[in-house]
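Here are my notes on this model, point by point. Please read them with the structure open.

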Amino acid sequence: MITFEHVSKCYMEGIPALNDISLHIDEGEFVFIVGSSGSGKSTFLKLLTKELEPTEGTITVNGTNLRKLRRKKIPMYRRNIGMVYQDFRLFKDRNVYENVAFAQRVIEESNRTIKKKVPMMLSLVGLAAKYRSRPKQLSGGEQQRVAIARALINEPKILLADEPTGNLDANNAWDIMKLLEEINARGTTVVVVTHNLEIVEAMNKRVITLKKGVLMDDKYPGEKNA
Amino acid sequence: MISIRVRKMRKLGTLRYTTKQGIINIGKNKMFSLASIATMAACIFLFGIFYSMIMNFQNMVKVAEEGVAVTVFFDKGVKDKQIKAIGKKIEERPEVSKVVYVSADEAWEEYKKIYFNGKEEMADGWKENPLVNSSNYQIYLSDVSMQSTLVSYLQDLDGVKRVNKSDLVANALSDFNRLIGFVSAAIILILLMVAVFLISNTITVGIGVRREEIEIMKLIGATDYFVRAPFIVEGILIGLIGSGLPLIILYLMYGKIIGYIIERFVFLNNVLKFLPVHTVFQTLVPVALLLGVGIGFIGSRMTIRKHLSV
């Protein structure tokens with residue numbers, strides 16, 4: 001599904017944000033990427049969404065070599081990836097329904113399909129009753145659920161979550177992680193970048209640890225710390 | 001596979017959505033949009049005024065041109081048949097609008113009228129027409145600037161003795177016409193450049209306001225078209241409103257201004273031949289709307305190419 005082969009990324013000459021990373025994530029996996037700030041977690045996600053180009057190495061996603069992906073094909077590629085952010089990135093001037101429908105409009109889905117799919121997705125994240133609310137009328141956890149619904153409505157094969165619990169209290173954080181686990185159980189590959197080690201340990205999933213751009217550890221469930 | 005019907009529905013939905021977003025952009029960015037519309041309106045208003053002036057000047061010049069004639073006299077003893085053949089050749093020339101044959105008798109009658117001014121009996125002393133060899137063609141031109149070409153042609157014709165012309169009037173009229181054209185083109189060009197700049201500025205601000213939305217759109221997988229279309233719609237709408245408003249004002253003003261000029265300058269009524277409003281507007285409306293839409297399109301396209309590399 002996702003393969004990094006000797007991938008390095010330098011923003012400035014001589015200072016790598018990622019250094020010679022090689023890893024493979026299988027279809028349907030749930031993976032945590034952990035590390036302190038400056039470890040290269042965000043760069044890792046940006047390389048996957050093709051916001052950045054690697055300085056060296058090859059990234060393959062779903063059989064597509066990202067280096068060879070032509071500019072015109074990038075939108076189609078990105079439709080297979082859902083993104084969830086720490087700050088939710090919802091549109092404050094639109095209600096819950098419109099925020100979720102936005103992702104469908106972007107991929108030029110018909111109004112009929114949008115009217116059918118959005119309520120279904122809102123039910124999945126437990127917000128069907130709040131479809132008319134504005135983001136500021138929702139709690140942090142609810143806003144993140146809307147963001148997840150928006151990320152999932154286009155049925156991506158991969159869901160990338162960048163610190164999805166960073167702005168949430170413990171209860172909401174757990175709810176969001178349970179929701180992501182549920183989504184993963186339905187077949188979506190989930191990659192979560194976080195520094196919340198408590199959650200990482202409790203979830204018992206594969207954990208990739210980055211430190212100053214170097215892959216320090218890649219631990220599968222059940223494995224003991226190196 | 002997606003059916004053609006579904007694809008059509010999607011396209012229609014996208015078109016509706018991007019148009020709506022373009023309108024929302026104008027609303028979100030009220031002050032800049034209003035400034036752009038006002039500038040565009042000022043440009044098109046001035047364009048309309050210059051255009052109406054040029055059209056009317058050209059009409060007046062044309063009317064004046066029609067009064068400028070070249071006169072052709074014939075060699076002594078030229079037969080009527082040859083004179084008719086010369087007349088036919090002249091009529092076939094593209095720069096000629098009208099050819100009038102003046103016989104020797106008509107020329108003498110005209111001469112008497114001008115020089116004896118009411119005392120034509122004084123000319124009775126002449127038993128025969130003294131202007132017997134003065135039959136001529138009076139040639140009226142459709143384009144005064146072609147006068148010298150026509151004169152050279154006429155001078156080379158067999159049977160033609162002399163060609164009378166007025167270089168001064170012809171040159172003055174065509175120079176004046178050209179001057180109006182250049183001056184107005186220069187002014188309009190400068191105004192249009194200002195309009196493009198302002199629309200571009202408005203779109204830049206609009207892009208700034210929607211920066212986050214654009215970023216999310218791109219990450220979700222929006223195509224270049226989908227991201228850019230609302231800004232193009234915004235530019236086109238600004239152009240359309242900015243050109244439509246001054247056209248309405250100009251339409252209402254035109255008749256009143258013409259009426260005022262005719263009333264104030266009665267003594268110039270023979271010179272000031274104004275065109276009716278519908279003659280001016282049947283070209284001005286499509287040209288001005290197209291100009292507005294074109295400038296809106298160019299202004300927005302230039303900007304999104306610079307600031308929105310998707």
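1. First, a term. Two strands count as paired if DSSP finds at least two bridges between them. With that in hand, take one pair of facing residues: B:Thr71 stands opposite B:Asn164 in β4(B). Keep in mind that this is a predicted model.

2. Strand β1 (residues 69-74) of chain B and strand β4 (residues 160-164) of chain B are antiparallel, with 4 bridges. β1(B) also pairs with strand β3 (residues 136-141) of chain B, again antiparallel, through 5 bridges. There, B:Val72 faces B:Tyr137 of β3(B).

3. Look at the two faces of β1(B). B:Val70, B:Val72 and B:Phe74 form the covered face. B:Ala69, B:Thr71 and B:Phe73 lie on the uncovered one. Why this pattern? In a regular strand, side chains alternate between the two faces of the sheet.

4. Next, helix α5 (residues 147-155) of chain B. Its residues B:Gln147, B:Leu150 and B:Leu154 are buried. These residues span an arc of only 65° around the axis, so they sit on the same side of α5(B). B:Thr149, B:Ser152 and B:Gln155 are on the other side of α5(B), and they are exposed.

5. Now chain A. The chain has 7 helices and 10 strands. Of its 226 residues, 43% are buried. Take the contacts in chain A between residues at least 6 apart in sequence: 68% of them join residues at least 24 apart.

6. Which residues touch the most other members of the largest nonpolar core? They are A:Ile33, A:Val100, A:Ala149, A:Leu159 and A:Leu160, in a core of 103 residues. Helix α8 (residues 224-264) of chain B gives this core its largest share, 12 residues. Another core, of 12 residues, lies apart from it; B:Val70, B:Ile86, B:Val99 and B:Tyr137 are among its members.

7. A:Leu160 deserves a look by itself. Leaving out residues up to four places away in sequence, A:Leu160 touches A:Leu45, A:Leu48, A:Ile81, A:Gly82, A:Met83 and A:Val191.

8. Last, the interface. How many residues of chain A are in contact with chain B? The count is 16, and they meet 16 residues of chain B. On the chain A side, the elements that give two or more residues are α2 (74-78) and α3 (96-106). By class, that side has 7 nonpolar, 3 polar and 6 charged residues.

Definitions and conventions
Residues are numbered from 1 along each chain as its sequence is written. Chains are lettered from A and ligands numbered from 1 in the order in which they are written. This is a predicted model: local features need pLDDT of at least 70, side-chain atom pairs count only at pLDDT 80 or more; totals for chains, interfaces and linings use all residues. Two residues are in contact if their C-beta atoms, placed from the backbone, lie within 7 Å. Ala, Val, Leu, Ile, Met, Phe, Trp, Tyr, Cys and Pro count as nonpolar, Asp, Glu, Lys and Arg as charged, and the others, Gly among them, as polar. A residue is buried if 20 or more other C-beta atoms lie within 10 Å of its own, exposed if 12 or fewer, and partly exposed in between; C-beta atoms are placed from the backbone. A nonpolar core is a set of buried Ala, Val, Leu, Ile, Met, Phe, Trp, Tyr and Cys residues joined through C-beta atoms within 7 Å. The arc is that of the directions from the helix axis to the C-beta atoms.
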